Amino acid sequence: MKKHNFYAGPSILSQYTIDNCVDAIRNFAGTGLSILEISHRSKEFTAVMDEAEALFKELLDIPAGYRVIFLGGGASTQFCMVPMNMLKTKAAYLDTGTWANKAIKEAKLFGEVNVVGSSKEDNYTYIPKGYEIPTDVDYFHITTNNTIYGTEIREDYDVPVRMIADMSSDIFSRPVDVSKYDIIYGGAQKNIAPAGVTFIVIKEDVLGRMEGVRTIPTMLNYKTHVEKSSMFNTPPVFPVYAALQTLKWYKELGGVKELQRIDEEKAAVLYDAIDSSKMFVGTVKPEDRSIMNVCFVMKPEYKELEKDFLDFATSKGIVGIKGHRSVGGFRASLYNALPLESVKVLVDAMKEFENK
Ligand SMILES: *Cc1c(COP(=O)(O)O)cnc(C)c1O
């Protein structure tokens, strides 16, 4: 049976990406070698790395003066690399959930952290607003899409300080004004590639900010990787290759504006179904709803049917909709590679279950 993959990450990849990866596992770029066994210093792979950076820049319309690097370690390593490379005395963080908290915890190892806003009291069902950011902080950190709670910041804030964003789970779902950020990072396993590679968009003029402040281990210094174009040590060769295939597919589809249109359409179909249901209800304030991760539960009077619905959905080929334990209920992740058809299958399953 055809499966409809709603996993939150690692998550669905385009057929284009998977087919090209399969081909490259057998014979990469006509080398007679597999992408899994090629030297990262080969001219064929160096070309992949260069093209991945160039296409990433092109698709996100990244201005001059920025670099894109691809590292291992996941977004979680960025939680410490960011403050290690950027925090001199104080930083401001917005607390929008689990990932933001993990970032805050690491930042505290390097300086004072001012949590300027938090929606913790309401189990992170909205994005805090109306807070003030002190102008004497080294930077302000946000998590644009809260994968677990299903809230999203879908705009580029104007702030009086440097801004840094974890965009792990909504990169390439809307145009981003990159000039407003000093660093944008994320694990690629949500919207770009299989697990194993982390993207970092970094403004060149922040490199070396910690000279005279602290000594940064070589591998944790952004400068190391920017200067060597992600080739200081062995990069995650295969995930980078896969990422490039996804970027090519994005370009073929029409770029980020088109992805945004498709993503918003998919999310609208599912949110409309939730809002018109007598059985299901969304968990997030409508104005802060994520278009990538849609969280919903059953109304209290139907709560005991959640397990039955999961089984019913599974029988329809729907996988990955079990909600994260901190929210419960259901979470449908609608990443770029998920077709509208899968959303319709989910919505039909919800309606059929409700009518039973
Ligand atoms: C998945 C996720 C992470 C963690 O990524 P790893 O690559 O597993 O370290 C961090 N932030 C957000 C917003 C995520 O969705």
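Helices (H or I, at least four residues) and strands (E, at least two) are runs taken from DSSP, and they are numbered from the N terminus. With that numbering, helix α3 (residues 74–86) gives the largest share of the shell around the ligand, namely four residues. The structure described here is a predicted model, and its domain assignment divides the protein into domain 1 (4–11 + 255–355) and domain 2 (15–253).

**The two domains**
- The C-alpha centres of domain 1 and domain 2 lie 26 Å apart, and the contact between these domains takes 31 residues from domain 1 and 30 residues from domain 2.

- In soluble globular proteins, nonpolar side chains tend to be buried together.
- The largest nonpolar core of this model has 88 residues, and the members that touch the most others are F56, F140, F172, L270, F309 and I321.
- Helix α6 (residues 237–253) supplies the largest share of this core, with nine residues, while each of domain 1 (4–11 + 255–355) and domain 2 (15–253) contributes at least three residues to this core.
- When residues up to four places away in sequence are not counted, F172 touches F56, L59, L60, I192, L247, Y250, V256, L259, D263 and N336.
- Another core, of 28 residues, lies apart from the largest one, and its members include M81, A103, F110 and M210.

**The ligand and its surroundings**
- The ligand is surrounded by 13 residues, of which the closest are S76, T147, D166, Q189 and K190.
- An oxygen atom of the ligand is 2.6 Å from an N or O atom in the side chain of S76, and an oxygen atom of the ligand is also 2.6 Å from an N or O atom in the side chain of K190.
- For D166, the ligand atom concerned is a nitrogen, which is 2.6 Å from an N or O atom in the side chain of that residue.
- On its own the ligand has 390 Å² of accessible area, and the protein covers 87% of that area.

**A closer look at S277**
- S277 is placed in the loop between α7 (256–275) and β11 (280–282).
- The relative accessible area of S277 is 9%, and this residue therefore counts as buried, because buried means under 20% relative accessible area.
- A polar atom of the S277 side chain lies 2.9 Å from the backbone nitrogen of M279.
- Once the neighbours within four places in sequence are left aside, S277 is in contact with K299 and E354.

Note on methods
Residues are numbered from 1 along each chain as its sequence is written. This is a predicted model: local features need pLDDT of at least 70, side-chain atom pairs count only at pLDDT 80 or more; totals for chains, interfaces and linings use all residues. Side-chain values use heavy atoms; hydrogens and water are left out. A nonpolar core is a set of buried Ala, Val, Leu, Ile, Met, Phe, Trp, Tyr and Cys residues joined through side-chain atoms within 4.5 Å. Buried means under 20% relative accessible area, exposed over 50%, partly exposed in between (1.4 Å probe, protein chains only). Domain bounds come from an automatic or database domain assignment. Contact means heavy atoms within 4.5 Å. A residue is near a molecule or strand if one of its heavy atoms lies within 4 Å of it. A polar contact is a pair of N or O atoms within 3.5 Å; within protein, one must be able to donate a hydrogen and the other to accept it, and residues adjacent in sequence count only if both atoms are side-chain atoms. Accessible areas come from the Shrake-Rupley method with a 1.4 Å probe; for residues, only the protein chains shown count as cover.
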